[in-house]
Amino acid sequence: MSVKESWEPKIIGFCCNWCSYAGADLAGTSRMNYPASIRVIRVPCSGRVNPQFIARAFQLGADGVLVAGCHPGDCHYSTGNYFTRRRMLLLTRFLEYLGVDPDRFEVRWISGSEGQKFADTVREFTERVRALGPSPKKRDAS
Amino acid sequence: MSGMNQVTDRLRERVRELLADGKIHTFIGYERAWDPYRPIPFFATEAGEAERLIIDELCVPSTPKYMLDFFGREGVVGLLVKGCDSLAVERLLRDHRVERESMYIIGVACTGLLDRDKVKARALEEGWGAVEEVRREGDAFVLVTAAGEKELGPEYLMERCRTCEVKVPTVYDELLGEEVAATAEPRDFAEVAEIEAMTPAERRAYWERQFSRCIRCFACRNVCPACNCRICVFEERVPRWLGRKTDVGEQEMFHFTRALHVAGRCVDCGECDRVCPVNIPLRKLNRKLMKDIGELFGIEKPFMPAETEPLGQFRPDDPDEFE
């Protein structure tokens, strides 16, 4: 696929307030470098991530979507991410079934102390999405 | 095996009694209407109307969803329910959209319905005229038509009936007809596996071809017993999840959302597939989710309404493929 040289992947990252967002914060305060391709959206819990959010992100032309939450067992709300895990297991398969490249969708458990993991995840994910090229936009923002 | 028409007289008699005694104010069954090959739901409100009721292998539409039209109304509604319909009743009960006391359910044991489109096509081709009666004789169906008796083989059975495991309703107040053993071909999800075996590009093209036909009539939503929200997400103004524009992106958004909203709650009645005017294989979406729910969470019969839905619960030792 020929891509304009100026193209940079656009990744939407849903980060839970208590772990992954804190992890992203730590990456920042520790001055770690990671690509600016990610747009972080803070959610109260990874359980807040409605599959429609992800579908809408792809619809509006996101090249990749990352969902990040506390490690199972560490949820601020005790059990929220266990529900997320069931939902995301289904969703990854369903997106693949509909023909979305599974490499464009990523779920990670990132704790508040894992700034390095957040930076690494974004870097790896960006490179993977870059290799895939732009994802088709299906709707104008309104 | 002799077919559901055997119980027609008994059905009429019971409905007449129930309406006359005031036990129910309405009975939802079927009548033969303008197209005799496609009986339609019939709402009997007077004892005299019981004579119009019929039941045979052409009476396909599911009745329980009509219960929502009686939401908040006093009195009891009578309902004719086949095996697949009884799962729809259970769905509505578990979702707290109907009360068991507001229904009087007459169950009927069913050995499989006819594919009305297939039958109608053959009838038109061979000029059978109106159909008066449908019987079952062994594995075959006998249609009494204006052009005489016509026999149809088991290949005229509806696709969804081939793997049906719920021939006798799971919930009823009285049961008409002989109980039949639930013998079914195994549910092997072959049609889902077929799509899974495609390359990502083929899958993309396949679904775009399907979704591009969608006219967003919402028939699939309206008929679905699991789609029973009082305010549907597609009718919300803010946020507007579904744009008005007709394009494949919006259509895909609709079908993606619909399938996931019934994930873990779908009873696999196949009504969405049947009512789609442009033949989008909606069941292949539902059944993909059903297959994965069964495999991932070890649920043997994911189409059976359970006390807690698969996505409303978890186990700490669920598979974890996320790092």
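This is a predicted model: local features need pLDDT of at least 70, side-chain atom pairs count only at pLDDT 80 or more; totals for chains, interfaces and linings use all residues.

The largest nonpolar core holds 65 residues, and among these A:Phe14, A:Ile54, A:Met88, A:Phe94, A:Phe105 and B:Leu285 touch the most other members. A nonpolar core is here a set of buried Ala, Val, Leu, Ile, Met, Phe, Trp, Tyr and Cys residues joined through side-chain atoms within 4.5 Å, where buried means under 20% relative accessible area, exposed means over 50%, and partly exposed covers what lies in between (1.4 Å probe, protein chains only). A second, separate core of 39 residues includes B:Phe42, B:Leu113, B:Leu114 and B:Cys161. Returning to A:Phe94, and leaving aside its neighbours within four places in sequence, one finds this residue in contact with B:Phe256, B:Ala259, B:Leu260, B:Leu285, B:Lys288 and B:Leu289; contact means heavy atoms within 4.5 Å.

Residues are numbered from 1 along each chain as its sequence is written, chains are lettered from A and ligands numbered from 1 in the order in which they are written, and side-chain values use heavy atoms, with hydrogens and water left out.

Chain A comprises four helices and four strands, and from the N terminus on these elements follow the order β-α-β-α-β-α-β-α. Helices (H or I, at least four residues) and strands (E, at least two) are DSSP runs, numbered from the N terminus. For the 142 residues of chain A, a compact globule would have a radius of gyration near 14 Å, and the 15 Å of the chain agrees with this; the radius is taken over C-alpha atoms, and the globule rule is 2.2 Å times the number of residues to the power 0.38. The C-alpha atoms of chain A fill a box of roughly 45 × 35 × 25 Å along the principal axes, and 54% of its 142 residues are buried. Of the contacts in chain A between residues at least 6 apart in sequence, 82% join residues at least 24 apart.

Within chain A, A:Leu26 belongs to helix α1 (residues 20-29). A:Leu26 counts as partly exposed because its relative accessible area is 30%, and, not counting residues up to four places away in sequence, A:Leu26 touches A:Gly112, A:Ser113, A:Glu114 and A:Gly115. Between the C-alpha atoms of A:Leu26 and A:Arg56, which are 30 residues apart along the chain, there is a separation of 29 Å.

Chain B, in turn, has 10 helices and eight strands. A compact globule of 323 residues would have a radius of gyration near 20 Å, and chain B, with 21 Å, agrees. The C-alpha trace of chain B spans about 65 × 50 × 40 Å along its principal axes, and buried residues make up 57% of the chain. Among contacts in chain B with a separation of 6 or more, 70% are between residues 24 or more positions apart.

Where in chain B does B:Ser62 lie? Its place is in the loop between β2 (40-44) and β3 (77-81). B:Ser62 counts as buried because its relative accessibility is 12%. Leaving out residues up to four places away in sequence, B:Ser62 touches B:Asp85, B:Ala88, B:Glu271 and B:Arg274.
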